[in-house]
Amino acid sequence: MGSRYSFAHSDPHNAFITICREAEYGEGPLSGIPVAVKDNISTAGIETTCGSNILKGYIPPYDAHVITLLRSAGAAIVGKTNMDEFGMGTTTETSAFGPTLNPADPTRAPGGSSGGSAAAVASGMVPMALGTDTGGSVRCPASFCGVVGLKPTYGRVSRYGLIAYANSMEQIGPLAENVRDCALLYSVIAGHDPRDGTSLDLPAPAPLKPEIAGKRIGVPAEFFGEGVDPAVASAVRSGIDRLEGLGAEIISCSMPSMQYALAAYYVTSMSEASSNLGRYDGVRYGTAPDFVRSWHDAYSHIRKTGFGEEVRRRILLGSFALSAGYQGKYYAKAQAARQMVRNDFARLFKTVDMLAGPTMPCVALPLGETSDPLSMYLADILTVPANLAGVPALSVPCGTAHNLPVGLQLIGQHGAEDEILSAALAFEEGSA
Amino acid sequence: MVSKEDVAHIATIADIGVDESELELFTDQFNAILDYFDVLDSVPVGGDAAPLRANVFRDDEVVPSLPHDEVLMNATDPEDGFIRAPRVI
């Protein structure tokens, strides 16, 4: 510590909830690099709200493990980025702090839920940022804003200090202007942490080099199924042709469990959310309860006024899915479907090194257009399988559709971040 | 199909206040979303689809925790080192 970074940018896209104008930094691989952090990652002494009114004013007394690692690596933490409330959204419009605008077209949403992190990178405010990905929340905004985003293998990055939404699926991941910066930030945050019971103890990430020649890349037909915008599909198919041109072998394949993936994801994530968000009672932190009311009355009231509509909807649906008489129909079936997704990936990875397809079925949506919750959920169909199975996946820009950025998604085997980052680098640089 | 009464019941269980005016909207949305979830009815049970999961517990070792004053720093109006909560009965 000792040096200070002055962060002078204005924030025309509302990418940040909190800006730290003067940030300390030290020596290390990220020395003096301004890094933005999604507002659901605990930062000692810096307000952390998860984009929610219920946590307005909450100052974490400790740093998340990734923040400790960022500080040790010399990074200057310049602020906390806007997000869908508790990560529940695909547009960053459910934030209590107003929507973030997409730098590629400010009339459109940046995607979500890590929309603030993606917009901060895409607008050039910072070269790299941390997001979190529970069902696509790093990859979706990376795709919509035209930046690179990685969801690591489940357990690769410590979740200690990440405020939980659906803990069996979420991972902290890097977003950056290019693959090299994304890999650099990933190399800083990856590693074992005994304070996260699901943390993996794996070797450190390998040095990054472009490598795609000879790789077998599977393209499941279901990734180009119903609901994928033909212009997006065309941009991604051109990207896959470029992978082939760089020496990759493209193999058509099938992933039948895709038909269940979205429902399995939403039942699971809502169920976990209904439990995780039970802690917001205003007693230990956050907006204070009305001490005159009785317990349940005060609790119901604070959760009605403190949570936004989407968060309340998901807590209610999760509570319903876990309630007596419905567990077998929803939660148990969702876990069986989740295992089918894992089995599909395991089967495919016997014959291919990685999978490729669109990150999102569409381009960035106009602000204010997603009022129907189910249609918003459907946009996550291509990103949720990686979270259900815990495998790593990234989004790298692969051109445009309707003059808006399109992301190519590469999905790897458990622990194969190095392999998909190397492939993405070769793709980005146009060299094998 | 869930009814307005079902949604109101869940809201009570989950301690989530819901206005009468919101009940109808939530009920309609729940039915649309639950209809979509019905795809899970056709998931085969048993066999390869059986979830391969087990709980794994760590040893319960005592480690240092946060200082008392830092734990309380976000609580509203703590009293004599204790947090305050609404009355239970």
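How many strands form the open sheet of chain A, and in what order? In this predicted model, 11 strands of chain A make up the sheet, in the order 2-5-4-6-8-7-12-13-11-9-10.

- Strand 2 (16–19) and strand 10 (249–253) of chain A are the edge strands, each of which pairs on one side only.
- On average, and with direction ignored, neighbouring strands of this sheet are turned by 30 degrees against each other.
- Strand 4 (residues 34–38) and strand 6 (residues 128–133) of chain A run parallel and are joined by 3 bridges.
- Val37(A) has Leu130(A), in strand 6 of chain A, as its bridge partner.

**A helix on the sheet**

- Helix 5 (residues 230–245) of chain A packs on the sheet.
- The strands of chain A that helix 5 touches are strand 9 (216–220), strand 10, strand 11 (354–358), strand 12 (393–401) and strand 13 (404–412).
- The direction of helix 5 makes about 115 degrees with that of strand 12 of chain A.

**Local backbone features**

- Most peptide bonds are trans, and most residues other than glycine have a negative phi.
- The peptide bond from Gly112(A) to Ser113(A) is cis, with omega near 5 degrees. Ser113(A) is found in the loop between strand 5 (76–81) and helix 2 (115–122) of chain A.
- His402(A) is not a glycine, yet it has a positive phi of about 55 degrees. His402(A) sits in the loop that links strand 12 and strand 13 of chain A.
- Is His402(A) buried or partly exposed? His402(A) counts as partly exposed because 13 other C-beta atoms lie within 10 Å, and the partly exposed class falls between 12 or fewer for exposed and 20 or more for buried.
- Asp80(B), also not a glycine, has a positive phi of about 50 degrees. Asp80(B) belongs to the segment after helix 3 (68–72) of chain B.
- Asp80(B) has 4 C-beta neighbours inside 10 Å, so it counts as exposed.

**Contact between the chains**

- On chain B, 38 residues are in contact with 48 residues of chain A.
- Helix 1 (4–13), helix 2 (20–37) and helix 3 of chain B each supply at least two residues of the side that touches chain A.
- Helix 2 of chain B gives the largest share of that side, with 7 residues.
- By type, the residues on this side of chain B are 28 nonpolar, 4 polar and 6 charged.

How values were computed: Residues are numbered from 1 along each chain as its sequence is written. Chains are lettered from A and ligands numbered from 1 in the order in which they are written. This is a predicted model: local features need pLDDT of at least 70, side-chain atom pairs count only at pLDDT 80 or more; totals for chains, interfaces and linings use all residues. Two strands pair if DSSP finds at least two bridges between them. Helices (H or I, at least four residues) and strands (E, at least two) are DSSP runs, numbered from the N terminus. Axes are lines fitted to C-alpha atoms, for helices over the stretch in contact, and angles run from 0 to 180 degrees between N-to-C directions. Two residues are in contact if their C-beta atoms, placed from the backbone, lie within 7 Å. Ala, Val, Leu, Ile, Met, Phe, Trp, Tyr, Cys and Pro count as nonpolar, Asp, Glu, Lys and Arg as charged, and the others, Gly among them, as polar.
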